[in-house]
Amino acid sequence: MPVKQTKLPAGEYVPRHIAIILDGNGRWAKKRGLPRTAGHAVGAENFRKIALYCRDIGVDYLTVYAFSTENWKRPSDEVKTLMRLLNKYLHEAIDTMERDGMKMRVFGDVEGLSPELQALVARTNEIAKRIDGFQANICLNYGGRADIVQAAQHYARDLAEGKTDRELTEELFSDYLYSSGVPDPDLLIRPGGEQRISNFLLWQCAYSEFYFTDVLWPDFTTEELDKAIAVFRQRDRRYGGVKV
Ligand code: IPE
Ligand code: IPE
Ligand code: MG
């Protein structure tokens, strides 16, 4: 069992599912006179640190936004670097996820990725089946709208092919999303200073608590995460009801 290293008081409530928009890599690099791609390399390293910390403090699910359906608009060199980093990261994950007790899943339109990346994603998913416990979801070529559209298409196909006769409910629809089987995020964190959702988990964030910080993703430490969790604990989640 991993050693609990949290500085949070023992027994304090930890969000079951944390989602993070990994933003601010480019500005982090620019501030240091480095190319944007240098920021992405540091940002990718930071993911591992934060993911292991989440595992250690008892978070069940961490979902990170690593590459959006809109990020293809970036200069081709930057896209290439991001794909190379993802490739490297998935290779490492394949080697370490069982040892680390970290079940990795990829959410997004995998078919839009290179054949090599697709093979790595398939391998990652295969290994993930053997792992129980903490789950890290990487959103890759992910868009919230695209997620909803692919779910609707998939349901329509199942209906037409007689694979389902179930009436569409919110619960059933959720099962068609990339995040099928994963509870909605309790806390959504966006570092990097922007206060928008940028097409992240649109359906899944219906009742998530949002936390925005100016800290850039490569500077986002476990202490910053503790701060976000502390703020989350002060929130009063009503889900449209009234407090009794
Ligand atoms: C986040 O950092 C990484 C991706 C979106 C892939 P950015 O590259 O968006 O960094 P900024 O927002 O330009 O600083
Ligand atoms: C959101 O960041 C996407 C990811 C972090 C993967 P962006 O940097 O792409 O978002 P905008 O362009 O500021 O909205
Ligand atoms: Mg950005």
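**Note on the predicted model**

1. A polar contact of 2.8 Å links the side chains of S179 and Q204. The structure is a predicted model, and the values below are computed from it. S179 sits in the loop that runs between α6 (170-176) and β5. Is S179 buried or exposed? Its relative accessibility is 8%, and buried means under 20%, so S179 counts as buried. Apart from neighbours within four places in sequence, S179 is in contact with R105, F107 and Q204.

2. The sheet is open and has 6 strands, in the order β3-β4-β2-β1-β5-β6, with parallel pairing. Which strands stand at the edges? They are β3 (103-107) and β6 (209-212); each has a single partner strand, so one side of each has no neighbour in the sheet. On average, neighbouring strands are turned by 20° against each other, direction ignored.

3. Within this sheet, β1 (residues 17-21) pairs with β5 (residues 187-190) in the parallel sense, over 3 bridges. I18 has L187 as its bridge partner in β5. Helix α3 (residues 76-100) packs on the sheet and touches β2 (61-68), β3 and β4 (135-142). The direction of α3 makes about 150° with that of β3.

4. The largest nonpolar core has 48 residues. Which of these touch the most other members? They are I18, I20, F47, L62, M104, I189 and L225. Helix α3 supplies the largest share of this core, 9 residues. As background, nonpolar side chains in soluble globular proteins tend to be buried together.

5. F47, listed above among the core residues that touch the most other members, has contacts well documented in the model: leaving aside neighbours within four places in sequence, they are L62, V64, Y89, A136, I138 and W217.

6. R48 belongs to helix α2 (residues 36-57). What does R48 touch, not counting residues up to four places away in sequence? The residues are Y89, T96, R99 and D100. R48 and W217 are 169 residues apart along the chain, and 12 Å separates their C-alpha atoms. Y89 is in contact with F47 too.

7. Around ligand 1 there are 13 residues, of which L22, D23, R27, R36 and R74 come nearest. An N or O atom in the side chain of D23 is 2.8 Å from an oxygen atom of the ligand. For R27, the distance from a side-chain N or O atom to an oxygen atom of ligand 1 is 2.7 Å. G26 contributes a polar backbone atom, 2.9 Å from an oxygen atom of ligand 1.

8. Which distance separates a polar side-chain atom of S198 from an oxygen atom of ligand 2? It is 2.6 Å. The corresponding distance for a polar side-chain atom of R190 is 3.3 Å. In the side chain of R74, an N or O atom is 3.2 Å from an oxygen atom of ligand 2.

Key:
Residues numbered from 1 in each chain as written. Chains lettered and ligands numbered in written order. Predicted model: local features only at pLDDT ≥ 70, side-chain atom pairs only at ≥ 80, totals over all residues. Heavy atoms only, no water. Pairing = 2+ DSSP bridges. Helix = DSSP H or I, 4+ residues; strand = E, 2+ residues; numbered from the N terminus. Axes fitted to C-alpha atoms, helices over the stretch in contact; angles between N-to-C directions. Contact = heavy atoms within 4.5 Å. Core = buried A, V, L, I, M, F, W, Y, C linked by side-chain atoms within 4.5 Å. Buried < 20%, exposed > 50% of the residue type's maximum accessible area, 1.4 Å probe, protein only. Polar contact = N/O pair within 3.5 Å; in protein donor to acceptor, adjacent residues only side chain to side chain. Near = heavy atom within 4 Å.
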